[in-house]
Amino acid sequence: MEENQVRLEGDEETVYEYFLSKGWTDGLPVIPPTIARIEAFLAQANLASDEVIGVIPPQWAELTVEKLAVNAVMAGCKPEYMPVLIAAIEGMCEPPFNLYGVQATTNPVGPMLVVNGPVGKRIGLRADTGALGPGWRANVTIGRAIRLVLLNVGGGTPGVMDRATQGMPGKLFFCFAENEEASPWEPFHVEKGYSADTSTVTVVGASGSLNLIDQGSLDAEGLLKTFASALAVIGTNNIFFGGDPVLLISPEHGDTLSKGGFNKLDVKEHLFNSACTPIEQFSRDNVENVLMKRRPHLFEKGTPSCIRPI
């Protein structure tokens with residue numbers, strides 16, 4: 001165990017108030033990270049307690065396995081969640097994820113974790129009804145543990161280094177598994193080249209979610225019109241910076257698309273070609289001062305008729 005230890009006497013309310021005064025919590029009560037609890041988590045990591053998993057910005061502080069265990073205990077995780085947490089941190093520390101930008105931006109973004117493979121069922125990670133909401137220990141506490149790491153190790157304190165103008169609820173936790181059994185298509189990790197029996201964690205810098213309601217379309221083309229209109233809304237990060245929209249399709253809609261002859265690639269290509277925002281919908285200031293400067297390649301052949309969000 002590391003030398004820097006804090007010893008407190010009192011009940012859990014005492015621990016909560018002390019941690020709150022130190023800025024060590026997200027605002028919610030925490031599970032006291034006792035030595036016994038931390039050791040139980042370390043036993044599931046299969047790594048040395050002082051091994052560095054990653055360097056967390058904006059403080060660029062080293063996250064050891066033990067520090068991760070401490071935050072996981074505080075978040076209410078179970079020890080068996082440690083492999084998922086380690087994989088998520090490793091992914092977030094890869095340069096393409098731009099964790100520094102995610103931590104310090106004024107935009108309301110945070111890490112979204114998508115889990116594939118056998119590990120989801122093994123630890124009870126929800127993939128179907130309410131998977132993005134409350135009520136499921138694995139989903140909530142894994143996402144929360146990531147947030148506590150970003151706060152306590154990375155220094156992403158709201159209003160200090162975390163400059164999100166208004167924030168969003170997904171910054172507290174954002175973790176779920178893909179509902180592979182109900183999908184008509186191959187799972188996301190198989191699409192990316194992994195075997196179906198391999199467990200993976202995909203991390204995405206995501207903003208708040210938008211629910212798409214279409215209870216009337218009876219065919220694939222109708223559904224895709226609804227999806228395209230939502231993806232092409234102005235005022236999003238993807239419009240002004242470019243990016244990868246995340247579209248979560250319910251089993252019912254997936255079945256409609258599949259029966260309509262659309263595989264996953266077909267859906268992507270259709271949305272790429274149809275999810276456009278007419279340039280006239282943007283103010284002149286946004287076109288001249290933002291789009292032309294941040295996405296100049298779109299204007300190489302003159303002003304485009306529309307802007308794609310990807």
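Predicted model: local features only at pLDDT ≥ 70, side-chain atom pairs only at ≥ 80, totals over all residues.
In which hand does α9 pass α12, right or left? α9 passes α12 in a right-handed crossing. The two elements are helix α9, residues 220-231, and helix α12, residues 264-274, and their axes come within 9 Å and cross at roughly 55°. From the side of α9 the contact is made by L224, F227, A228 and L231, and from the side of α12 by V267, H270, L271 and S274. Sorted by class, this contact of α9 with α12 has 6 nonpolar residues, 2 polar residues and no charged ones.

Helix α2, residues 35-45, and helix α3, residues 65-75, pack at an angle of about 120°, with their axes 9 Å apart. Here again the word is oblique, for α2 relative to α3, and α2 passes α3 in a right-handed crossing. The residues that make the contact are R37, I38, F41, L42 and A45 of α2, together with V65, E66, A69, V70, A72 and V73 of α3. They divide into 9 nonpolar, no polar and 2 charged residues.

Let me turn to the strands. Strand β3, residues 110-116, is mostly covered, with 7 of its 7 residues buried. With strand β5, residues 200-206, β3 pairs in the antiparallel sense over 7 bridges, and the bridge partner of P111 in β5 is G205. With strand β4, residues 175-177, β3 pairs in the parallel sense over 3 bridges, and L113 stands opposite C175 in β4.

Next, two single residues and their surroundings. L172 is found in the loop between α7, residues 137-152, and β4. Leaving aside neighbours within four places in sequence, L172 is in contact with D26, L28, G143, R144 and R147. From G216, by contrast, L172 is 44 residues apart in sequence and 34 Å apart in space, taken C-alpha to C-alpha.

T277 is found in strand β6, residues 277-278. Is T277 buried or exposed? T277 counts as buried because its relative accessibility is 1%, and buried means under 20%. With neighbours within four places in sequence again left out, T277 is in contact with A232, V233, I234, I239, F282, S305, C306 and I307.

I will finish with the backbone, where a few residues deserve a careful look in the viewer. The peptide bond from P57 to P58 is cis, with omega near 5°, and P58 has its place in the loop between β1, residues 52-56, and β2, residues 61-64. W60 also has its place in the loop between β1 and β2, and has a positive phi of about 55° although it is not a glycine. W60 is exposed, with a relative accessible area of 51%. N98, in the loop between α4, residues 82-92, and α5, residues 99-104, likewise has a positive phi, of about 60°, although it is not a glycine. N98 is partly exposed, with a relative accessible area of 45%.

Terms used. Residues numbered from 1 in each chain as written. Heavy atoms only, no water. Axes fitted to C-alpha atoms, helices over the stretch in contact; angles between N-to-C directions. Helix = DSSP H or I, 4+ residues; strand = E, 2+ residues; numbered from the N terminus. Left-handed = near helix turned anticlockwise from the far one by under 90°. Contact = heavy atoms within 4.5 Å. Nonpolar A, V, L, I, M, F, W, Y, C, P; charged D, E, K, R; others polar. Parallel < 35°, antiparallel > 145°, perpendicular 65-115°, else oblique. Buried < 20%, exposed > 50% of the residue type's maximum accessible area, 1.4 Å probe, protein only. Pairing = 2+ DSSP bridges.
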